[in-house]
Amino acid sequence: MTTAIRVQPGIMDIALYQGGASQIDGQADPLKLSSNENPFGASPKAAEAVADAALKLHRYPSTDHARLRQSIAEVHGLAPERIICGVGSDEILTLLAMAFAGPGDEVLYTEHGFSLYRIFALSAGATPVVAPETDRRVDVDALIAKITQATRLIYIANPANPTGTALDMAELTRLADAVPENCLLVLDGAYAEFFDGYDGGASLVTARANVVMTRTFSKLYGLGGLRVGWGYASREIIDVLNRIRGPFNMSSVALSGAEAAVNDRRFVETCLQENAEQRARLIGGLRQLGIACDDSQANFVMARFEDETEALAADAHLKSAGILVRLVKGYGFPEALRITVGRAEDVTRVLDALANFKGAA
């Protein structure tokens with residue numbers, strides 16, 4: 001059946017987002033390293049808080065998220081009134097496009113950036129603009145060259161997905177210095193906690209009215225199933241976003257789980273230490289096998305093979321061993337596989353399987 005209802009421009013140009021695979025035919029319980037989830041799960045304290053909150057499902061959640069914002073602020077040394085919480089950081093990134101971009105405006109991001117950036121732009125009726133990267137890294141000069149009078153938003157993932165590479169504060173500051181006052185620089189920090197010594201861009205946000213940073217509870221905190229994220233910006237920008245977000249966008253279960261998770265610092269530090277150690281093992285092991293990969297500042301590594309044919313063969317071999325990783329052809333790397341950093345035994349299993357593959361190849 002056809003309809004005469006008009007769809008807003010740009011919507012039908014959006015390709016559906018494809019998440020990481022979670023099943024292998026014939027494999028009852030595959031090792032899932034395709035979605036960059038925390039291999040240790042969530043904090044037991046978060047799980048307990050979720051269970052307690054489930055006893056009050058008949059009650060509406062808070063609309064101001066005050067307790068969670070206060071906990072985030074205390075942990076990160078931020079001002080709670082400059083924090084907004086959302087259904088994953090995706091919602092915050094979406095609200096930014098809705099509020100500050102539209103027809104005739106441009107949304108800028110890099111060629112291997114998160115695939116949702118294009119979707120955010122098109123959903124708002126804006127024009128997506130892509131800047132090239134250099135050696136799988138965000139190229140600040142290339143971004144600056146793409147800024148025009150129509151640029152209203154610049155999305156940068158730091159560390160980047162799927163490469164795991166990152167810009168240091170000097171480069172981020174150089175970029176921020178070049179962004180016009182009527183344009184927002186949005187620092188997507190989904191993996192910021194894994195980048196040792198990086199504040200996610202908080203210092204830039206504090207110093208500049210046109211810089212925003214976002215974070216998520218889906219990666220380090222292991223709460224992907226609850227969908228919790230947050231953003232930090234000037235009070236003026238937060239006020240705008242709060243006017244268009246749903247008043248009950250966050251469930252009471254999600255709010256309680258996230259509050260407990262962010263306050264369980266012992267669990268967080270353990271996860272960060274394990275990730276750093278196993279990430280180094282995975283990178284070193286891949287290179288010993290002759291598989292190229294950049295140094296990663298995230299909780300995954302992008303392994304680069306000779307060509308797409310070898311990458312597909314390696315992916316098939318890993319699946320035969322019950323291991324799921326992520327093909328990243330859609331991000332412009334047909335020759336690569338993105339591998340989440342797992343537990344020590346998971347890394348051993350991946351390296352053993354790839355050693356077997358390379359030996360057979």
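Tutor: A residue is called buried when its relative accessible area is under 20%. The model shown here is predicted. With 7% relative accessibility, C293 falls under that cut-off and therefore counts as buried. C183, at 1% relative accessibility, is buried as well. A disulfide is a covalent bond that joins the sulfur atoms of two cysteines. For a pair to be counted, the sulfur atoms must lie within 2.5 Å, and by this rule the model has zero disulfides.

Let us now turn to the sheet. In general, the strands of a sheet pair through backbone hydrogen bonds, in either a parallel or an antiparallel sense. Here seven strands form an open sheet with mixed pairing, in the order β2-β8-β7-β6-β5-β3-β4. The edges are taken by β2, residues 83–86, and β4, residues 127–131; each has a single partner strand, so one side of each has no neighbour in the sheet. From one strand to the next, the twist averages 20°.

Helix α2 spans residues 66–76, and its buried residues are L68, R69, S71, I72 and A73. Among the elements that cover these buried residues are β2, β8 and α9. After α2 comes G77, which has a positive phi near 70°.

The helix α9 has a further partner to consider. Two packed helices are described by the angle between their axes and the distance between the axes. For α1 (residues 44–53) and α9 (residues 252–263), the axes come within 8 Å and cross at roughly 155°. The two helices are therefore roughly antiparallel. Their contact involves K45, A46, A49, V50 and A53 on α1, and S252, V253, S256, G257, A260 and A261 on α9. The crossing of α1 past α9 is right-handed.

Finally, consider N275, a residue of helix α10, which covers residues 265–288. Its relative accessible area is 7%, so N275 is buried. Leaving aside residues up to four places away in sequence, N275 touches F194, A298, N299 and V341. From E259, N275 is 16 residues away in sequence, and their C-alpha atoms are 22 Å apart in space.

Note on methods:
Residues numbered from 1 in each chain as written. Predicted model: local features only at pLDDT ≥ 70, side-chain atom pairs only at ≥ 80, totals over all residues. Heavy atoms only, no water. Buried < 20%, exposed > 50% of the residue type's maximum accessible area, 1.4 Å probe, protein only. Pairing = 2+ DSSP bridges. Helix = DSSP H or I, 4+ residues; strand = E, 2+ residues; numbered from the N terminus. Axes fitted to C-alpha atoms, helices over the stretch in contact; angles between N-to-C directions. Parallel < 35°, antiparallel > 145°, perpendicular 65-115°, else oblique. Left-handed = near helix turned anticlockwise from the far one by under 90°. Contact = heavy atoms within 4.5 Å.
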